[in-house]
Amino acid sequence: MALKAAPIWVCFNQSDFVQNKNKVPSFRVNLAKQRKWECLALKLGIDVEDDEKPLTPPDLGSTSTDAKIQDTQITESKGFHKDLNNLPKPLTATDLVPSANDGSKVRVAYQGLPGAYSEAAALKAYPKCETVPCEQFESVFKAVELWLVDKAVLPIENSVGGSIHRNYDLLLRHRLHIVGEVQLIVNHCLLGVPGVRKEELKRVLSHPQALDQCEIALNKLGVVRVSAEDTALAAQIVASEGIRETGAVASSRAAEIYGLDILAQTIQNDLDNVTRFLILAREPIIPGTDKPHKTSIVFTLEEGPGVLFKALAVFALREINLSKIESRPQRKRPLRIVDDSNKGSAKYFDYLFYIDFEASMAEPRAQYALGHLQEFAKFLRVLGCYPMDTTL
């Protein structure tokens with residue numbers, strides 16, 4: 001049976017493409033007491049669970065909280081960073097002062113500290129950008145929403161560890177748009193204080209996923225594995241404490257930044273270890289057809305036999321390749337009650353489906369596919385249409 005549908009644009013309102021310059025809020029950093037390279041990581045305390053609350057600027061009169069990592073003076077020695085205090089540290093709401101945008105170079109937020117893999121992904125996407133470290137993933141979203149930065153880089157999946165589910169949930173709770181992607185080869189290195197041999201190590205710090213990905217090498221060393229919030233933080237702790245028996249799993253860039261020796265390179269179990277990052281912005285980009293594009297959507301479906309099959313078939317009918325499908329339970333309405341004549345009632349989960357398909361929204365086949373999908377979907381939102389990253 002032939003399908004009758006008209007080309008449509010889904011979830012791209014006119015307001016998404018038009019910017020009212022007279023009402024655009026902006027913020028700048030008061031750098032009078034801080035070095036030029038200091039960061040804008042947020043500690044705003046905003047409840048990200050509530051999607052309905054209006055976005056408000058941070059309280060400029062609030063008192064900043066104590067930093068999690070105490071400033072540590074490092075004795076200058078060969079191979080060590082002269083002063084870790086020169087590295088970017090999170091600012092608080094009291095450091096934010098409204099001003100007009102001066103048109104300076106692109107500022108890109110990422111989660112972690114300098115030397116994190118997310119920072120490397122930001123530099124791959126924007127080689128001349130100013131990277132802005134943030135403490136939490138939520139802070140990365142807020143940094144863009146509050147005009148503190150221009151873009152954000154967020155890890156979404158790893159070829160070994162799988163999807164980062166937390167960031168899928170945050171994509172739905174915030175109104176940012178995906179404008180690009182970055183694929184980054186992850187090369188884990190074993191780091192230690194200058195002059196130490198890897199056989200001397202008794203414990204190794206890193207992010208839990210990094211420790212798992214280097215399990216074979218670490219088991220051979222017989223070291224105790226200690227979890228840290230991220231790989232760059234692990235390197236900073238090792239450099240700050242200066243204990244010969246403690247090492248870290250992190251990037252070679254982290255070794256350079258924190259003055260550590262690389263005791264071993266490429267220690268991950270799987271050499272083909274790639275992390276995919278999303279680039280987020282306040283406004284979507286205009287999709288084109290001059291290069292391969294990818295479109296990311298999220299939707300929910302009515303209950304019924306074969307409904308998911310029918311939803312996915314709208315892409316197969318138009319020869320559109322699906323590169324990713326992820327299901328997540330709805331956090332606000334996780335359970336559904338269904339009548340059952342035998343046992344009274346049964347409980348089922350309501351799911352959100354995240355899909356990446358390889359087609360541009362400028363192509364009629366993509367527009368027809370989404371128009372067809374609306375026949376089955378209770379909710380449908382386009383998260384972004386963007387050029388594919390085909391380089392490693």
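The points below are grouped by topic. The model is predicted, and the protein in it has 10 helices and 19 strands.

**Overall make-up**

- Of the 392 residues of the protein, 48% count as buried, and the accessible surface comes to about 20,000 Å², with 51% of that surface belonging to carbon and sulfur atoms.
- Among contacts in the protein with a separation of 6 or more, 79% are accounted for by residues 24 or more positions apart.

**Nonpolar cores**

- The largest nonpolar core has 34 residues, and those with the most contacts inside it are Leu190, Leu191, Val204, Val249, Tyr258 and Leu260.
- At least two residues of this core are supplied by each of strand 8 (189–192), strand 9 (203–206), helix 5 (208–213), helix 7 (231–241), strand 11 (246–250), helix 8 (252–258) and strand 12 (261–264), and the largest share, six residues, comes from helix 7.

**Packing of helix 3 and helix 4**

- Helix 3 (residues 137–145) packs with helix 4 (residues 165–173) at an angle of about 30 degrees, and their axes are 10 Å apart.
- Because angles under 35 degrees count as roughly parallel, helix 3 is described as roughly parallel to helix 4.
- The crossing in which helix 3 passes helix 4 is right-handed.
- Where these helices meet, Phe137, Glu138 and Phe141 come from helix 3, while Arg166, Asn167, Leu170 and Leu171 come from helix 4.

Technical notes. Residues are numbered from 1 along each chain as its sequence is written. This is a predicted model: local features need pLDDT of at least 70, side-chain atom pairs count only at pLDDT 80 or more; totals for chains, interfaces and linings use all residues. Side-chain values use heavy atoms; hydrogens and water are left out. Helices (H or I, at least four residues) and strands (E, at least two) are DSSP runs, numbered from the N terminus. Buried means under 20% relative accessible area, exposed over 50%, partly exposed in between (1.4 Å probe, protein chains only). Contact means heavy atoms within 4.5 Å. Accessible areas come from the Shrake-Rupley method with a 1.4 Å probe; for residues, only the protein chains shown count as cover. A nonpolar core is a set of buried Ala, Val, Leu, Ile, Met, Phe, Trp, Tyr and Cys residues joined through side-chain atoms within 4.5 Å. Axes are lines fitted to C-alpha atoms, for helices over the stretch in contact, and angles run from 0 to 180 degrees between N-to-C directions. Angles under 35 degrees count as roughly parallel, over 145 as roughly antiparallel, 65 to 115 as roughly perpendicular and the rest as oblique. A crossing is left-handed if the near helix is turned anticlockwise from the far one by less than a right angle, and right-handed if clockwise.
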